[in-house]
Structure formats: structure tokens, C-alpha cells
Amino acid sequence: MDSEVGPLRTVLLHRPGNELKRLTPRNNDQLLFDSIPWVDRAQDEHDAFADVLGSRGVEVLLLSDALVVALADERAHAAAATTAVDRRRLGNELADALAGYLSTVDAKSLADVLMAGMTFEELPAADGASLVRKMHHPHDFVVDPLPNLLFTRDSSVWIGDRVAIASLSMPARARETALLDLIYAYHPRFRSAGRAYGAHSAPVEGGDVLLLAPGVLAIGVGERTTPAGAESLARSAFSDGLAHTVLAVPIAQDRATMHLDTVCTMVDRDAVVMYPAVRDTLRAYTLRPNGMNGVQVEGPAPFLHAAATAMGIDRLRVIDTGLDSVTAEREQWDDGNNTLAVAPGVVVAYERNVETNARLEDAGIEVLRISGAELGTGRGGPRCMSCPVTRDPL
């Protein structure tokens, strides 16, 4: 896969499940949700999203199904039972009881625990007393749920024919990468796929990685991806021959702009939808291999200029979010910039971003609208909710 807009052929999604039912007013902030979603409606919205993709000839793979297939391998099952157990928090006795229980359940049941978590109340009783069990509320988690699995973009990203397993920075999401590692290692579909980046490297999240053109990557550096992570991914891409230029793009370190794709996504070969508040201030450092297994760093320079130069075009067409500064701020918050291209000039977007969608259509972009009233409670749009696996070359 060498672009953001080549015709999309296969995508990995996660249909929201019981992990979202674990969210309460007590824990939703810690689990990175802004409110408590209506789960049934979120599932309906996600099903409609998958149907839109399917209607355009896209093969939709569901993460939960892929995980169950991977866990059918005994090695994956054993590894998963181990990675779910936090010995430092539970202590050895309770950790042994939990690991022992998980080792006995079938692949579907284990996948359910890995995704939706488990409370102390749900953990089968073990012999002997446990101070850890006694001092926790029955509804506390012995295995934390992963409600952000919905946003499959962040935990892995395909560059060329290789997959980069992200290194997620937020504690609430750290365990997601272990599940993706299992899927890519043990699912028959992915066993032969090469790796472009390891989950134990410096923090990089897929929402910060844009494939601007064949051989050209942009990596946002902000709340989730660190400078060290961006440089590590650049070095890996250079050594694997996956890129000749990487743009490291500093973004504000806050909730509204957690990833680069919250302020800018590609909608055509030479066009982006961009939050106007950053259009003139967004800058980029240009990284290229120096020929001696090192990296040459230039800049910073204005992002739009640096991107066009790296892509070998005169300029990038920019379509602004919203109509005025207030509308732009509202629609940026509502993921107006977070579009998923299914082909050059064809994107999926949330229907609620009325002004941004109108501006896209005025610029000749076909907009496939979906509802996101409940899906958006975790601050993510169609791009966040999708991990493209294969696209046709441009």
C-alpha cells in the first residue's frame, strides 16, 4: 500500500462490543471516552459504515473474528493468556489463578476477555485468601477492557507490503498492540507479512502516519507520537526501502488534535481537507536517508510546501474544514478532517459535518456520509476507525 487514496481493497475494522459496556462515568475519562456511548446505536452505526465500504467493493475484516482465528493456534492462546495478566498489580497468587483460568477457556471466550476485560467478580474463585481480591471492589477490573479497539487505525498501519505494529502511548491502550501482534503473527492471512516497526519501539500511533504519495510519509508528533518514535519509524522505512522522504510534523499536544489525522487527511491524489487554524502554521522537518545508514534532517519548513516538494507536485490543494472560524472549530472537534478515502476523490465522512462536506463536494470530492453520533464519543472519525490493509497502486 503506497498511498492514502488508492482504491481501497481490504480494511480491518472492529465492531464495537461488550468493551463499550464497561464504560461508566467513573472510568470513561481514564478509558479516553468523552461520554458514555449508547452501545446498540454505536453498533448500528458501525454496521452501516461497514456496509458503505462493502458497497464500494471493499473487503471488510473484523478484528474480533481475526483474533479468534489467531487464538485457535495453541502458541497464540498461551501467549495471550500471559499478556492479559498484570502480575505487578495482582500479585503472583492471583495472577497465577487468572492465567490458569484463561489457559483453559476456548478461543472465543479468551478473545472476549482480552477485548472486554474481566472484573474481580467475574474471576472464578481460587483457593486461599487474596488480599488483592479483598481490597478491590467486585466491579474493579482484573483485566482492563479495551474500548478504543474501535479505532483500528492507531494500533497498526500498513506501509507497502509490511505492517507496522504501533507503540501506543496511553496506558488505556497499551495492551491493544499485543492483540494486533497475535493477529499478524498467527492468523493464516497475515503470517507471511513482513514487519515495518515493532510495538516495543518508541511511541508511534497510526493516526499520526499519512502515506502522502509513493515513498513519502508524514508523521505527526504531538500528544501520542514522540520525536523518537517518528525518527525510529523513518529509519525503519528507509532501511526497508518503503520511503525516500519522511515529514515529521509537530502538532499541538491536546485532546482536540491528538493525531495528525484530526487536522489533515488526504481526499485525492493532490488534495487534503485541513483545519484552517493550522493551515498557515503547520510545519514539517524533512527526513531523508544520508547514505550511511543515518538520517539527514532539514527544516522546519511550511508543511504544505514541504509536502508538495516531497510528492513532486506544484502544490497541494487544500479544502478547509467548516465555513467560518467557529464552524471550523466545531467540525474539527467532530472529526470533520478525519475522512477515509475509498478511491481518489471519494471519501467516507460523518454526516454531521455539514459545512465541511459541502466544501468537499464543491471541490469535486464525492462524500459518502455515515452517522457517528455514538461512534464519535471516543473522538474518532472514519479514518480512525479503519486500518487499510491493501489498496491498489495509484
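Predicted model: local features only at pLDDT ≥ 70, side-chain atom pairs only at ≥ 80, totals over all residues.
## Basis

Local features need pLDDT of at least 70, side-chain atom pairs count only at pLDDT 80 or more, and totals for chains, interfaces and linings use all residues. Residues are numbered from 1 along each chain as its sequence is written, and side-chain values use heavy atoms, without hydrogens or water.

## Cavities

The whole structure holds three cavities of 30 Å³ or more. A cavity is a set of points on a 1 Å grid over the protein atoms alone where a 1.4 Å probe fits but cannot get out. Volume is the space filled by probe spheres set on the points.

The largest cavity has about 50 Å³ of space. Its lining (residues with an atom within 4 Å of a point) has 12 residues. Phe151, Arg173, Arg224, Met258 and Gly378 lie nearest the centre. By class, the lining has five charged, four nonpolar and three polar residues; Gly counts as polar.

## Helices H2 and H8

Helices are DSSP runs of H or I with at least four residues. The axes of H2 (residues 63–71) and H8 (residues 176–186) come within 9 Å and cross at roughly 60°. Axes are lines fitted to C-alpha atoms over the stretch in contact, with angles from 0 to 180 degrees between N-to-C directions.

Contact means heavy atoms within 4.5 Å. H2 contributes Leu63, Ala66, Leu67, Ala70 and Leu71; H8 contributes Leu179, Leu180, Leu182, Ile183 and Tyr186. The contact has 10 nonpolar residues, no polar and no charged ones.

## Aromatic pairs

Rings of Phe, Tyr and Trp (its six-membered ring) pair if their centres lie within 6.5 Å; planes under 30 degrees apart count as stacked, over 60 as edge-to-face and the rest as tilted. The count is three aromatic pairs. The ring centres of Trp158 and Tyr184 are 5.7 Å apart and the planes stand at 80°, so this pair is edge-to-face.

Technical notes: 1 Å grid on protein atoms, 1.4 Å probe; cavity = no way out; pocket = protein on both sides within 12 Å on 5 of 7 lines; lining within 4 Å. Helix = DSSP H or I, 4+ residues; strand = E, 2+ residues; numbered from the N terminus.
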